[in-house]
Amino acid sequence: MMPTSSPARPRHDRDRRVHEAVHEAVHALLAEQGMRLSMEAVAARAGCSKQTLYAHYGCKQNLLRAVMRDQIALTTVPFDEDGADLRQSLLAFAERHLEQLNRPHVIQTCRLLDAESHRFPDQARQIYEDGIAALQDRLAQWLRRASARGQLRHDDPHAMAELLLGMIVGLDFERQRFHTPHRSDAPSRRRWAERTIDSFLRAFAPQSGSPESHA
């Protein structure tokens, strides 16, 4: 008797394609429409039905949260393996973060959100919580574990994460906002990432003579 083929794989592939198309549509539409983005516009841009979109995500808030969550997962891949080389993990994260911020749709999205945030304060706050705040939390969790392993001086991990994110971005995002030359190529971003990470590691090096400095 010949085994019957399972529909699970085609369905999984189809769902993955819909997921990717929807997320690409959200990125593009946020840059074009800001918080005026609608589920109908996303469905039309992604080439799927509104019923499919609502079945997968339920509402616009859940859709935006899923897109933010996926982006944070991609940016923080270097933190997936605890105990890896500390400097290389932080350097890889810094380069990914700078590359993401250098994408044209990101700066255009931020310009629109800045202009519209006073009209949609609740949506703006939610985007911040699901995006920037969630990224800070993910980084803080990783820094806390690195400190527990003795790789960094013990301190407030959320403060450490905020300092590191600010150091990584520097003034470059502001330069983009004001159409001023910035670190638009990979080598210049790499040099800045190295300077940032090495400065951070010096600032939070385990204190000499402390237990963690001998771990």
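How do the residues of the lining of the largest cavity divide into nonpolar, polar and charged? I took this to a predicted model, in which local features need pLDDT of at least 70, side-chain atom pairs count only at pLDDT 80 or more, and totals for chains, interfaces and linings use all residues. Residues are numbered from 1 along each chain as its sequence is written, and side-chain values use heavy atoms, with hydrogens and water left out.

Entry on the cavity. I found one cavity of 30 Å³ or more, a cavity being a set of points on a 1 Å grid over the protein atoms alone where a 1.4 Å probe fits but cannot get out. The largest cavity holds about 40 Å³ of space, the volume being that filled by probe spheres set on the points, which are joined across faces, edges and corners. Among its lining residues (an atom within 4 Å of a point) I noted Leu 98, Leu 101, Phe 173 and Arg 189. Two or more lining residues come from each of α5 (86-101) and α9 (172-177), helices being DSSP runs of H or I with at least four residues, numbered from the N terminus. I recorded α9 as giving the most, with three residues. To my opening question, the lining divides into four nonpolar, one polar and three charged residues, where Ala, Val, Leu, Ile, Met, Phe, Trp, Tyr, Cys and Pro count as nonpolar, Asp, Glu, Lys and Arg as charged, and the others as polar.

Entry on Leu 135. Beyond its neighbours within four places in sequence, Leu 135 is in contact (heavy atoms within 4.5 Å) with Ile 72, Thr 76, Phe 93, His 97 and Leu 165.

Conventions: On a 1 Å grid over the protein atoms alone, a cavity is a set of points where a 1.4 Å probe fits but cannot get out, and a pocket is an open set with protein on both sides within 12 Å along at least five of seven lines; lining residues have an atom within 4 Å of a point.
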